[in-house]
Amino acid sequence: MRSLRVNRLVLLFVALVVYALPMVIKNPYYLNVLNIVALNALVVAGLTLLIGYTGQISLGHGAFYAMGAYVSGLMAIHLGWSPWITTIIAMGITGVVATIIGIPTLRLRGHYLVMATLGFNLIVYILLVQLDDITGGPSGLPGIPSYTIGKMVLATDFRCYWLIWSVTLAGLLLSINLIHSRVGRALMAIRESEVAASCLGIETWKYKTRVFVLSAVMASLAGSLYAHYMTFISPKTFDIFYSIEVVAMVIIGGMGSLWGALLGAAFLTPLPYLLHFFEEYKDIIYGAIFMGVLIYSPDGLVGEVTRFYRKKRLESRLRELEG
Amino acid sequence: MTFLEVRNLVKNYNGVKALRGISFDLKEGEILGIIGPNGAGKTTLVNLVSGIDRPTSGEIILKGKKVEGLPPYRMAQMGVARTFQHIQIFPEMTVLENVKAGLHTRGRTGFIASLLHLPSVTREEKESTHLSLEALALVGMVSKRDWPAGALPYGDRKKVVIARALVSQPQILMLDEPAGGLNEQETQEMGELIHRIKGMGITIMLIEHDMDLIMGFCHRVLVLHHGERIALGPPQDVQDDPRVIQAYLGEGF
């Protein structure tokens, strides 16, 4: 498996860059943006497996992100359990909920999953706002405990940077492993032709459900990390627009590649901060960039990078032939 | 030994009678040709046997087990493989990946093992690459193993999907118009390929319009017309059957 090795090398390189960055960037504001990039990248990596590799669309991953944040945050506050434990419990609960949504909708061919997840996200958002006795309502849930390692509290942007990026890189590694395997080929086969896939013995609904649950659990993990990192959460973070934003990251990064997940998150996460000066025009600019990529580079940023690389290689080969 | 038995198979699509009670059997190692004018119900029959469609009534018995109405992945697990008239290649996967996907039923690696890339995964990957290259060698496509399948010319795609269906060493292979859309030379190559597959002892159901292929390879031929069986027998007998001639050429011949 050559491409598995290549992808792992790229991951190693990315990891070196990621771990070297805090030596250059000391400003906590920038570190905070980078941490959010990593959390988004984790959600987007799961979504890339679902959308890019399996061809199933979800518009409700904001809700799974919310479940990770609120379930883990609330349990840590009220039960006093370690955030590490509550994070894992939240992943389990999210996995069960995703299974319940996935089983009936993914048995059918077509875009029923989009509808179901969209509806689920709306329900979760309304619950977060209305159940203010539990969730704190629109004004949010403060006082969520941070992660601790021994006596060290992971309360600063710098300390959380190491935790969050390590988890995201691990998530990317597992995803790379997955796509270079029998399971990965089954997922791609489902995307390309569900009928042909099932005639090869692939239990399509089972694979679709499992990858959907996996992506939901990854979003839940990112949500828990977010909650215990920020120590404050409010429903606004988890509305339907977040779900749309992460799907946009999948598409802009390049659907057929996990590196697209990273690029999409790295490109779109800081954009609102950068466009901050444009005030109300920022949504228009955001939309224009989105349209521009879709029209001029439908295979996303990763497509541009590989095209550039291929062209260079071709040019150098031509030079060799001439020289 | 009777391998596949089809009894009174009926299929209605919203009142359209695609199959009106078809019966035949298939012996182990036999090649059965299925011919008939367009709309005769040939593809419907393959869809029912491969589990894509459920029969309205009737029985399909595979090695003594009733299998009608089972989903396609169950049929594949029991060794029923097929190709499609419209190819259904996986265009964005490489040629090698396409064929490796055909080994799905042979593999065991699950989600957890794949995520963690356990040593068993590496072993299985090596094994499936090896088997897939063998299948690609059989169809003469090894040199294009790393091509995106969607970039292949039509004739090559047909070879790749045959390798994809064959790689799992199915018990029965259903070929839906393998020579359809091919030029003369490609058709001849396809004939040679089917000849090699025949040598492997696989039971085959061959749907084809190319009469040379049908006459050259099939032990028996089943002729369908308007969803009914109008003839079944050795190629020569079928060719001379007045009902078959009438179905193809109309009355007055």
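In chain A, G62(A), A63(A), A66(A) and Y70(A) of helix 3 meet F120(A), N121(A), V124(A) and L128(A) of helix 5. Two residues are taken to be in contact if their C-beta atoms, placed from the backbone, lie within 7 Å. Helices (H or I, at least four residues) and strands (E, at least two) are DSSP runs numbered from the N terminus. The contact of helix 3 with helix 5 of chain A divides into six nonpolar, two polar and no charged residues. In this division Ala, Val, Leu, Ile, Met, Phe, Trp, Tyr, Cys and Pro count as nonpolar, Asp, Glu, Lys and Arg as charged, and the others, Gly among them, as polar. Helix 3 (residues 61-79) and helix 5 (residues 112-130) of chain A pack at an angle of about 35°, and their axes are 8 Å apart. Such axes are lines fitted to C-alpha atoms, for helices over the stretch in contact, and angles run from 0 to 180 degrees between N-to-C directions.

The model is predicted: local features need pLDDT of at least 70 and side-chain atom pairs count only at pLDDT 80 or more, whereas totals for chains, interfaces and linings use all residues. Residues are numbered from 1 along each chain as its sequence is written, while chains are lettered from A and ligands numbered from 1 in the order in which they are written.

A further helix pair in chain A is formed by helix 4 (residues 83-106) and helix 10 (residues 204-230), which pack at an angle of about 150° with their axes 8 Å apart. The crossing of helix 4 and helix 10 of chain A is right-handed; a crossing is left-handed if the near helix is turned anticlockwise from the far one by less than a right angle, and right-handed if clockwise. Among the residues that make this contact are A90(A), G95(A) and A98(A) from helix 4 of chain A, and F212(A), A216(A) and L221(A) from helix 10 of chain A. The residues of the contact of helix 4 with helix 10 of chain A comprise 12 nonpolar, nine polar and one charged.

Helix 12 (residues 258-268) of chain A is largely enclosed by the rest of the structure, because nine of its 11 residues are buried. A residue is buried if 20 or more other C-beta atoms, placed from the backbone, lie within 10 Å of its own, exposed if 12 or fewer, and partly exposed in between. The buried residues of helix 12 of chain A include L258(A), W259(A), L262(A) and L268(A). By contrast, P298(A) is exposed, with 11 other C-beta atoms within 10 Å. P298(A) belongs to the loop between helix 14 (282-296) and helix 15 (300-322) of chain A. Its C-alpha atom is separated by 8.1 Å from that of I251(A), 47 residues apart along the chain.

Taken as a whole, chain A contains 15 helices and two strands, and 48% of its 323 residues are buried. The C-alpha trace of chain A spans about 70 × 50 × 45 Å along its principal axes. Of the contacts in chain A with a separation of 6 or more, 77% join residues 24 or more positions apart.

Chain B has 10 helices and 10 strands, and 43% of its 253 residues count as buried. A compact globule of 253 residues would have a radius of gyration near 18 Å, and the 19 Å of chain B agrees with this. The radius is taken over C-alpha atoms, and the globule rule is 2.2 Å times the number of residues to the power 0.38.

Chain B is divided into domain 1 (1-79 + 170-253) and domain 2 (88-168), with bounds that come from an automatic or database domain assignment. The C-alpha centres of domain 1 and domain 2 of chain B lie 27 Å apart. Between these domains of chain B, 11 residues of domain 1 are in contact with 11 residues of domain 2. Helix 7 of chain B gives the most to the domain 1 side, with four residues. The residues on that side of domain 1 of chain B divide into seven nonpolar, two polar and two charged.

The contact of the two chains takes 31 residues from chain B and 24 residues from chain A. On the side of chain B that touches chain A, the elements that give two or more residues are helix 2, helix 3 (95-101), helix 4 (111-116) and helix 5 (119-139) of chain B. The residues on this side of chain B divide into 14 nonpolar, 11 polar and six charged.
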